[in-house]
Amino acid sequence: DLLVVKELDRLGRDTLDIRQTISELKERGIRLFITNFNMGSHVDRKENPVFNLVIAVMAELAEIERLRLKERQSEGVAIAKRKGVYKGRKRGTVDSPQKVIEKYPKIVKELGKGTSIRRTAILCDVSKGTVQKVKKALDV
């Protein structure tokens, strides 16, 4: 078996997670190919020793980049808050079941027809969580 992924960071959130995923794939006998490196874990059905070295370095770099991205995002939010542009929702605010039902009439209609949660989410272009929230409000 062969697993093809476009980028290394698709295998996990951090270096440890990526290494564990690769290790689990190896235990199951699944070869790995990463397209943006144009490199696979095996060459001619033999393990590629260079692959492990490249993965170790690139996993660390991916983790560093992810941390930098989170820092930049936090800085942007802080700047927006200072300017008064970003306020967010007040903590602890929750819509009443009736307000949820009024807010999503298309979802209510689809659920009334007996449409599944997943199908309703697709048809109404919302997340499954939103559909579940409406369904819960209907059940109250």
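Here is a short chat about helix packing and salt bridges in this structure.

Biologist: What kind of model is this, and how are residues numbered?
Modeller: Local features need pLDDT of at least 70, side-chain atom pairs count only at pLDDT 80 or more, and totals for chains, interfaces and linings use all residues, as this is a predicted model. Side-chain values use heavy atoms, leaving out hydrogens and water, and residues are numbered from 1 along each chain as its sequence is written.

Biologist: At what angle do helix α4 and helix α6 pack?
Modeller: Helix α4 covers residues 105–112 and helix α6 residues 128–139. Helices here are DSSP runs (H or I, at least four residues), numbered from the N terminus, and strands are E runs of at least two. Axes are lines fitted to C-alpha atoms, over the stretch in contact for helices, and angles run from 0 to 180 degrees between N-to-C directions. The two axes sit 10 Å apart, at an angle of about 70°.

Biologist: Which residues of α4 meet α6?
Modeller: Contact means heavy atoms within 4.5 Å. On the α6 side, the partners are Thr 130, Val 131, Val 134, Lys 135 and Leu 138. From α4 come Ile 107, Val 108 and Leu 111.

Biologist: Which residue forms a salt bridge with Lys 26?
Modeller: A salt bridge needs a side-chain nitrogen of Lys or Arg within 4 Å of a carboxyl oxygen of Asp or Glu. For Lys 26 the N to O distance is 3.0 Å, and the partner is Glu 47.

Biologist: How far apart in sequence are the parts this pair ties together?
Modeller: Lys 26 lies in helix α1 (residues 15–27), and Glu 47 in strand β5 (residues 46–47). So the separation is 21 residues.
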